[in-house]
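Thanks for making time. I will go through one ligand site and one chain contact, then stop for comments.

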Amino acid sequence: MKNVVVNKLNFSYDKETEVLKDVSLEIEKGQYVSIVGHNGSGKSTLGKLLIGLLTPKSGDITICGLPLNKDNINEIRSKVAIVFQNPDNQFIGATVEDDIAFSLENQNIDRKKMPELIKKAASDVGMIDFLTKEPSYLSGGQKQRVAIADSLVRNPEILILDEATSMLDPSGKEEITRLILELKKKNKDLTIISITHDIEEAYKSDHIILIQNGEVVLSLPPKELFNSYELIEKYHLDIPFEVKLKKALIDNGYKVDEESSLDELGELLCR
Amino acid sequence: MPIKVNNLSYIYLPKTPNETKALNNVSLEIPNGQITAIVGHTGSGKSTLIQTFNQLIKPSSGFVNIDDKFVVESSKKKNKKIKDLRKYLSIVFQFPEYQLFEETVEKDVAYGLKNFGLKEPEAIIKAHEALKQVGINESFYLRSPFELSGGEKRRVAIAGIIVLDPQIIVLDEPTAGLDPEGSKTILDLILSLKKEGKTIILVTHDMNIVQSYCDNVVVLNKGELVFQGTPSELFSTDVSRFSIEIPPLYAFCQSLKQKGLNLDISKIQSIEDLMSQIKEKR
Ligand SMILES: Nc1ncnc2c1ncn2[C@@H]1O[C@H](COP(=O)(O)OP(=O)(O)OP(=O)(O)O)[C@@H](O)[C@H]1O
Ligand SMILES: Nc1ncnc2c1ncn2[C@@H]1O[C@H](COP(=O)(O)OP(=O)(O)OP(=O)(O)O)[C@@H](O)[C@H]1O
Ligand SMILES: [Mg+2]
Ligand SMILES: [Mg+2]
């Protein structure tokens, strides 16, 4: 089943410049999709449209089978969680604990269960010792962790991450990825939409959507994208280390198999 | 004349229930004319440390000596040279939003220059040059800096510091949120500033950048200094205890060495470097 359907979406902030142009896309339930594209291409704008924070100029959006409109918006927002690119825009509460509690509002959750859920979310992201701290007084990475807890605590059907781990240290990034994959194991239907510039991360997802100047220009599985030097060059994409290395070997006259592992490439160089 | 950090400690919200010891007796040196990375776990004190360098915050104890020209210390005395210090050492913040406040992009970038006494037309011309260097074209000049995408904001914030032409430039996660081409533009800009003789300090989590661009690296852990040396010295120690990840190129070179290939990894900053060392061996 398709969980997100966007049909001929157009949007502009100021009526003059078109920010999104005829964007159409479909995302399967339970898929992990990366959205990539250059700065200013329209990725965050698309994210905000998907949760109804911005209103399209034309076109329509269907989330979990419901058309996004005034009547459905509350129901849709209870199913979708977003982590904003700037975590400061996420915070409402005066303490980390309050902030996570706020995200549980309107989620039809038994009040008695809330403290337990809040504690679990905070400890999942490694912020249990910070419950009484003010979100604005945290370090950059700590803010991002709290913003992630805010959305995970709601147990969403669709999770939109807008560069949610851009300021985390490598092990922090890995922890969060593991956490999300665990969630996905528990709930096979969880759909993840991750806006990212981290090409190694996008490489691990099920599907990549590339946006350029407000248009969807590519939508395909990562392997297909990174096995095509033509596409990589055409769209000025960064490439994962493994792919970069293969290309360098080929350029230096080595015979490289598309499927070879890093270890096999190493053997080739040592021969 | 390096930057010398001496027994520096910093406590946020002292004597309150939320008191946080962010830096604990840190001593280190940052050499002139080179690129130094500051790395470490979330909350390890990186942003706090750099904010003491131009006295955005005052040490709780200890001091920082900047090129023997300025001293930042804990005393209550007013630092008369603070304006000169901030002109000599400027910081691009981790969140560009903290740095943007003017009504247009060009005014925002020109703000610091005007503050240091430059008149309007020259300041705007210089602002335009700096914006070009970070990949922001003229269609942005008259737009509001608040109505930009995340990566566009970061570029404008970087331009606002580069334009001041400080001797020491400190950048807190300058590539977070930048697209790959934008990262490359900024890193190349940093390299060219180094060639001009500037001292660059980068806070980053990206070990690829540390390997490929930095001369030195400092590691903080829970507010304490735990390592200081070159990138290849760092990656050849057990880094997992600092939540640092060995960059894929370094890890691959290590695996080649284990397979018996004789490489000088400390000289390898790119795949091209690796390929040419292999060729030489043949
Ligand atoms: N509030 C706003 N008002 C007017 N224009 C805006 C606003 N926010 C963004 N824009 C413009 O819309 C375009 C798309 O912005 P968006 O934030 O969606 O980009 P993005 O793909 O998320 O980029 P980045 O990778 O830098 O975060 C950009 O050109 C940006 O300048
Ligand atoms: N304004 C503040 N008030 C109180 N505590 C603060 C403040 N800023 C930072 N802290 C705390 O001080 C410690 C160090 O924070 P700092 O911002 O220096 O970390 P960092 O190494 O830059 O981390 P990150 O990689 O997440 O940005 C953290 O525990 C943080 O919660
Ligand atoms: Mg964005
Ligand atoms: Mg920081």
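Which chains surround ligand 2? Before the reply, please keep in mind that this is a predicted model. The residues around ligand 2 come from chains A and B, so the site is shared between chains.

Let me go through that site. The shell has 20 residues, and those that come nearest to ligand 2 are Ser139(A), Gly141(A), Gln142(A), Lys46(B) and Thr48(B). In terms of class, 14 residues of the shell are polar, five are nonpolar and one is charged. Three elements each supply at least two residues of the shell: from chain A there is α5 (140–152), and from chain B there are β2 (20–30) and α1 (46–53).

Now the polar contacts of ligand 2. On the side of chain B, Thr48(B) has a polar side-chain atom 2.5 Å from an oxygen atom of the ligand. Gln94(B) also places a polar side-chain atom by a ligand oxygen, here at 2.9 Å. From chain A, the backbone takes part: a polar backbone atom of Gly140(A) is 3.3 Å from an oxygen atom of ligand 2. As for cover, ligand 2 taken alone exposes 640 Å², and the protein buries 90% of that.

Next, the contact between the two chains. Interface size is often given as the accessible area lost when the parts come together. For chain B and chain A the buried area is about 3300 Å², with 59% of it on carbon and sulfur atoms. Of the area that chain B buries against chain A, 18% is supplied by Thr42(B), Phe252(B) and Lys259(B), more than by any other three residues.

Lys259(B) comes up again here. Lys259(B) and Asp263(A) form a salt bridge, with their closest N and O atoms 2.9 Å apart. The count of salt bridges between chain B and chain A is one. Polar contact between these chains comes to 14 residue pairs, both residues at pLDDT 80 or more.

Terms used: Residues numbered from 1 in each chain as written. Chains lettered and ligands numbered in written order. Predicted model: local features only at pLDDT ≥ 70, side-chain atom pairs only at ≥ 80, totals over all residues. Heavy atoms only, no water. Near = heavy atom within 4 Å. Polar contact = N/O pair within 3.5 Å; in protein donor to acceptor, adjacent residues only side chain to side chain. Areas by Shrake-Rupley, 256 points an atom, 1.4 Å probe, with all protein chains shown as cover. Helix = DSSP H or I, 4+ residues; strand = E, 2+ residues; numbered from the N terminus. Nonpolar A, V, L, I, M, F, W, Y, C, P; charged D, E, K, R; others polar. Buried area = accessible area lost by both parts, 1.4 Å probe. Salt bridge = Lys/Arg side-chain N within 4 Å of Asp/Glu carboxyl O.
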